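Here is a short note for a colleague who has not looked at this structure before. Please read it with the model open.

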Amino acid sequence: MNDIAEIVFWMIPGLPLAAFVIVFIGLRVLRVNDWLGALLSIIATTASFALSVWLGIRLLIQPQTRLIEGFSWFSAGTGMNVDVGLLVNPLTVIMLVVVSTISLMVQIYSVGYMRRDGGINRYFSFISLFTFAMLSLVMSNNLLIMFMSWEMVGLCSYLLIGFWFHRPEAAKAAKKAFFITRIGDFGFLAALLILFNATGTFDIEGIHQAAAAGIVSATAITWAALGIFFGAVGKSAQFPLHTWLPDAMEGPTPVSALIHAATMVAAGVFLVARMYPLFEQSESALTVVAVVGGITALLAATIALVMWDIKKVLAYSTISQLGYMMLGIGLGGVWVGIFHLFTHAFFKALLFMGAGSVSHSTHTFDMREMGGLGRKMPITCITFVAGALSLSGLWPLAGFFSKEEILGSALESQPILFGIVLATVFLTAFYMFRVVFLTFGGKYKGKGKPHESPLVMLAPMLIMAVLAISAGWLNADGTIGSLLGEESNHSWTTGIFGVFTHSLTWVSLLLAAAGIMLAWAMYSKNWFSPKKVSSRFTSVNSLLLHKYWFDELYENIIGSRLLNNGLFRFFEIADERIIDGAVNGLASLTSYTGSMARRVQNGKLQNYLLIFITGVAIIALVAIIIN
Amino acid sequence: MPGLEHYLILSGLLFCIGLAGAVIKRSAIVILMCIEIMLTGVNIAMVAFSRFITPVELTGQIFTVFIIVVAAAEIAIGLAIILALYRNRNTIDTQKIDLLKW
């Protein structure tokens, strides 16, 4: 990669930024034809995509890291120098490929999905801004710039969730996403300060070197790692900050596919991977990562079982899979988590596109009003099923390979977490095929006439389906693993077919198949009705339907009782009584004194004269006494 | 032959009488008259001081002439104000003229 000109690297995030500036400022102000903005965005993203893929191919030939010096942004005091630069290592390139591919596919898909909406320029300018922010987050060599990009993707998420801001739910969901991720950002910022305090630099490599050299104390490393992870918990919607992601489904579906399935929510996982040398030095931080990931995976998968909204199922599935990634990083190292991130991005974006395609023709997200769409939308159905099979982890699809690695690393180190992962495998297969049978199987229950989506939506879905099936094969000979520091030497065929020599493979495949069969028995054949099952376990069902009461806990107990009626009420009273009280008291004291003193001015001329004479007399007396 | 102190006692008496009248009386015209008495008291003190302390220079006398002139002007204006007041309010009782208050 050393022979590539530096400008190429700058162009990757630079082009979407240029597209944003032109589309947002130029076209929106000038009110030029809407579709010109879409075209510009897509061209810019295509260029970024081509460059990223080119970098990816170069990386496969010769893996190496390249540091690109940029410019000095600012310096303050002695020793605080912030330089903007790019750090391009294999991890970066993998993320670049994922982000630019999904972004491009989603933009093409959006042309079809959003064509009846107003504000196309606004939509595409935000998508471009998001692409820029995400790419610069991935490429930055500097934690401070990374934090800025981190906030920028959060902003774009807010803007795009609230794209239909005239709908109160969308506005509310956008606000919720922004606030809850902000709680996590606090942890990131704190970790940033701890690290700068300990090492005196924001440079990622510099921090890693300082940590490796033992300059930073062990407690500082642990706290910094936990802070960074807390940031990732917010962004990647991990337990206990997961509640914003399902609500974020109020945004347009392509946005959900891009931001809330494949890229931005994976930024948290990427952050942990980027700072992995720090985590490596703190056993406890890694354990926290793995445990939180495991809890999230199981928790979200159980909620996904009972949701009726197709996007909500996918949202909880995303949370669950992000938990998988965290668990993979915590137990198996960077490459396990990132490999799952890589495959998950493709099949989850595909599933969201499928859900979008379905709702595009049925005008609903409620699966109870769908059914029988398999015949009416065959291509959507086939691609969706491919994605679902990949997500369920069936051989030889992408999800299978990455999930196997997570299972393997869990089996080696943590038996309890391994149990959780296995349970989640079963649940995942079940809820995904519940969606498939409810949506595409049976008879159509809604109104209107569903029809297949236009080609501009189907083409990206077909491409994504191919990727969702094949992305895992990239690692069949250990390519991705070796890029990310896990050496393994075996051939392609052993990578793909050799898995059947492990008993673990059979266990997970059987569990996934059992999940699919159960979904088939319940939702397709109706051998035992879901209604009976839910009435049998009413308490469990209501617990799941209410999503473990997390929203109620946060809104009513923490938000309303503890904060609004507790802490904030205290502040309010303190403000009203003490601060306002002091000011108002002073004012009313002045006013009272005035009302007393003004009696003296009664308008009677001779009173004034008398007072005046008394004053003069007193002064004279005093003067005489002193003398 | 009366000395300085006699003049000063007379001057003080006149000033106090005038002052008492200005504070006590209600009629605005009487108050004006009382002020004139006070001024007269002051004038007597001026002339007396001039005569007994600096007999050659006539500073006190000149000052007195000034005060008499200013007092005349003041009376002219004061009477004009009282006249206007009477036309407006039909009274010159200072206790009743107390609009300009809190």
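This is a predicted model: local features need pLDDT of at least 70, side-chain atom pairs count only at pLDDT 80 or more; totals for chains, interfaces and linings use all residues.

1. Extent of the interface. Chain A contributes 11 residues to the contact and chain B contributes 14 residues. Together the two chains bury about 1100 Å², and 58% of that area is on carbon and sulfur atoms.

2. Polar and charged links across the interface. There is 1 salt bridge between chain A and chain B. It pairs A:Lys604 with B:Asp98, and the closest N and O atoms are 3.2 Å apart. On the side of chain A that touches chain B, the residues divide into 4 nonpolar, 4 polar and 3 charged. Across the interface, 6 residue pairs are in polar contact, both residues being at pLDDT 80 or more.

3. A:Phe126. This residue belongs to helix H4 of chain A, which covers residues 120-139. Is A:Phe126 buried or exposed? Its relative accessibility is 8%, so A:Phe126 counts as buried, the limit being under 20%. Beyond its neighbours within four places in sequence, A:Phe126 is in contact with A:Phe24, A:Cys156, A:Leu159 and A:Leu160. A:Gly227 is 101 residues away from A:Phe126 along the chain, and their C-alpha atoms are separated by 29 Å.

4. A:His360. Helix H15 of chain A, residues 334-362, holds this histidine. A:His360 counts as buried because its relative accessibility is 10%, and the cut-off is under 20%. Setting aside residues up to four places away in sequence, A:His360 touches A:Gly112, A:Tyr113, A:Arg115, A:Arg116, A:Ser453 and A:Met457.

5. A:His363. This residue lies in the loop between H15 and helix H16 (373-376) of chain A. A:His363 has a relative accessible area of 65% and is therefore exposed, as exposed means over 50%. Its phi is near 60°, a positive value in a residue other than glycine.

6. B:Asn90. In chain B, B:Asn90 is placed in the segment after helix H3 (59-89). B:Asn90 is not a glycine, yet has a positive phi of about 65°. The relative accessible area of B:Asn90 is 57%, and the residue is exposed.

7. A cis peptide bond. Which two residues does the cis peptide bond join? They are A:Phe239 and A:Pro240, with omega at about 5°. A:Pro240 sits in the loop of chain A between helix H8 (218-235) and helix H9 (244-247).

Terms used:
Residues are numbered from 1 along each chain as its sequence is written. Chains are lettered from A and ligands numbered from 1 in the order in which they are written. Side-chain values use heavy atoms; hydrogens and water are left out. Helices (H or I, at least four residues) and strands (E, at least two) are DSSP runs, numbered from the N terminus. Buried means under 20% relative accessible area, exposed over 50%, partly exposed in between (1.4 Å probe, protein chains only). Contact means heavy atoms within 4.5 Å. Buried area is the accessible area (1.4 Å probe) that two parts lose on being put together, summed over both. A salt bridge is a side-chain nitrogen of Lys or Arg within 4 Å of a carboxyl oxygen of Asp or Glu. A polar contact is a pair of N or O atoms within 3.5 Å; within protein, one must be able to donate a hydrogen and the other to accept it, and residues adjacent in sequence count only if both atoms are side-chain atoms. Ala, Val, Leu, Ile, Met, Phe, Trp, Tyr, Cys and Pro count as nonpolar, Asp, Glu, Lys and Arg as charged, and the others, Gly among them, as polar.
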